[in-house]
Amino acid sequence: QVQLVETGEGLVQAGGSLRLSCAASGITFSTYTMGWYRQAPGKEREMVATITSTFTPIYVDSVKGRFTISRDNAKNTVDLQMDSLKPEDTGIYFCYAKKIFLARPREYWGQGTQVTVSS
């Protein structure tokens, strides 16, 4: 059974920092692209940051220079360090795992964790 469990939920003031962590089990972690998505109230879910199995990070433009994604294949974890937070970063953050296996995608999602940034 695949599980992605996020931790690090919190309420912070604008300009503050927060670190999210996702622990994965039930997958061969090192072979998956891992990522973080978020969904703000009334908006669609959007990609925030991903990191490939070869440690290449990709960020949405709005978080470049403020967020850092990292992974630890020995611990099966992926973290999202969020600095200089803005109210528009508020939302539910979801951990995500994806790989292509036999030409078909395998995707898994965590249950989400709330991040609230006050102005």
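The model is predicted, so local features need pLDDT of at least 70 and side-chain atom pairs count only at pLDDT 80 or more, whereas totals for chains, interfaces and linings use all residues. Residues are numbered from 1 along each chain as its sequence is written, and side-chain values use heavy atoms, with hydrogens and water left out.

**Stop 1: the whole chain**

The C-alpha atoms fill a box of roughly 45 × 25 × 25 Å, taken along the principal axes. For 119 residues, a compact globule would have a radius of gyration near 14 Å, and the chain agrees with 14 Å. That radius is taken over C-alpha atoms, and the globule rule is 2.2 Å times the number of residues to the power 0.38.

Buried residues make up 42% of the 119 residues. Buried means under 20% relative accessible area, exposed over 50%, and partly exposed in between (1.4 Å probe, protein chains only).

**Stop 2: the nonpolar core**

Next, select M34, W36, V78, L80, M82 and Y93, the residues with the most contacts inside the largest nonpolar core, which has 28 residues. A nonpolar core is a set of buried Ala, Val, Leu, Ile, Met, Phe, Trp, Tyr and Cys residues joined through side-chain atoms within 4.5 Å. Among the elements that give two or more residues to this core are β3 (18–25), β4 (33–39) and β8 (77–82). Which strand gives the most to this core? It is β3, with four residues.

Now centre the view on Y93. Contact here means heavy atoms within 4.5 Å.

**Stop 3: R66**

Move to R66, in the loop between β6 (57–59) and β7. Is R66 buried or exposed? At 11% relative accessibility, R66 counts as buried. Beyond residues up to four places away in sequence, R66 touches Q81, M82, D83, S84, L85, K86 and D89.

**Stop 4: Q13**

Finally, select Q13 in strand β2 (residues 10–13). Q13 counts as exposed, at 61% relative accessibility. Leaving aside neighbours within four places in sequence, Q13 is in contact with V117 and S118.
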